[in-house]
Amino acid sequence: MPRRKDIWRCAIVDKPLEQLIAHGYRDAAITWLPAGPEFTFLADPFGIFDGQLLHVFVEHYDYRSRHGTIERLTFDDKRTLINRAPALHEAWHLSYPNVFRAEGAIWMLPEAHRSGTLTLYRAHGHFDDWRAECTIALDCVPVDASVLYHQDRWWMFYTSAASKRSKVADLHLAWAERLTGPWTCHPGNPVQRDPASSRPGGTPVVADGRVMLPVQDCTRSYGAAVRPLWIDNLHETTFSATAGERMQFPPGAPPSCEGMHTLSECGDVTLVDVKTIDSSLGSLRIELGRLLGRYGSR
């Protein structure tokens, strides 16, 4: 019966991602998102600005139901939380709410491999009305799909949901002329096999003239660290990359911090998350309650 529970906590770092990679957290103000009730957490932060307002989209997870949904937290220009509301709920688990502007619209590409496919959502009217625009057919059911527009086309990075190892170790690549596809999978997939630097962990960007994909280092455990993957060759038929050093945990992270697995760009701020481990008797009670049918199932 599993007793160890990952508990995640998100933060807003007032520093652009490129500078954070180059210089660390020096002189950066950090705002921590609120902690939730016991055995719940917020994770996988992605953001978008609407004027002076910063909208942070996160996975909301409760170990009692084991069903992830997407929430939106809105901050003013002083980083004061002024609103929190549900954003997207499906019959399947949702996480990694990759939100971005492109092609005249606002999009969300959340992690949803338990649905058996990848769905692209479009915002209608405001950030609480997300409607499925299309499903994206790839060479596998993708995990943590992350996109970048570069060299006049879209590139998508993802791992495969085929096995526990492939989720963290097998990096796949696809490209398309338009975000809605059709998508062409790289003939060398998986283009990289390495649990230390394959599963996407945030926003791909061009930094200092090079494509950089934040990736998770899962060699010790899931989400143990995040590091930059510097892509040296991004082409329809070839691929090569070099992993950088692990990122340090942000100042103010709990002393017992055991991981970080998101590094997402949002203008002049960067969003991160860190984890602690709960191995208390309360965690055991949660599992017993699930066995007795008190909380339902996903």
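Guide: Buried means under 20% relative accessible area, exposed over 50% and partly exposed in between, with a 1.4 Å probe and protein chains only. Strands are DSSP runs of E of at least two residues, and helices are runs of H or I of at least four, numbered from the N terminus. This is a predicted model, in which local features need pLDDT of at least 70 and side-chain atom pairs count only at pLDDT 80 or more, while totals for chains, interfaces and linings use all residues. Residues are numbered from 1 along each chain as its sequence is written, and side-chain values use heavy atoms, with hydrogens and water left out.

Visitor: OK, why is strand β9 largely enclosed?

Guide: Strand β9, residues 118-124, has five of its seven residues buried, so the rest of the structure largely encloses it.

Visitor: Which strand does β9 pair with over seven bridges?

Guide: That is β10 (residues 126-136), which pairs with β9 in the antiparallel sense, where pairing requires that DSSP finds at least two bridges between two strands. Arg 122 stands opposite Arg 131 in β10, and the β9-β10 hairpin has one residue between its strands, with Gly 125 in the turn at a positive phi of about 80 degrees.

Visitor: And how many bridges join β8 to β9?

Guide: Two bridges join β8 (residues 105-111) to β9, and these strands run antiparallel. Trp 107 has Arg 122 as its bridge partner in β9, and in this hairpin, with six residues between the strands, Gly 116 takes a positive phi near 85 degrees.

Visitor: Switching topic, what is the order of the open sheet of four strands?

Guide: The order is β2-β1-β21-β20, with antiparallel pairing; the edge strands, each pairing on one side only, are β2 (30-32) and β20 (259-266). β1 (residues 5-13) and β21 (residues 269-278) pair over nine bridges, and Ile 12 stands opposite Leu 271 in β21.

Visitor: Is Phe 41 buried or exposed?

Guide: Phe 41, which lies in strand β3 (residues 40-50), is buried at a relative accessible area of 6%. Beyond its neighbours within four places in sequence, Phe 41 has contacts (heavy atoms within 4.5 Å) that include Asp 6, Trp 8 and Tyr 61.

Visitor: How many disulfides are there?

Guide: Zero were found in a search of the whole structure, a disulfide being a pair of cysteine sulfur atoms within 2.5 Å. The sulfur of Cys 134 is 14 Å from the closest cysteine sulfur, in Cys 185, which is too far for a bond, and Cys 134 counts as buried at 19% relative accessibility.
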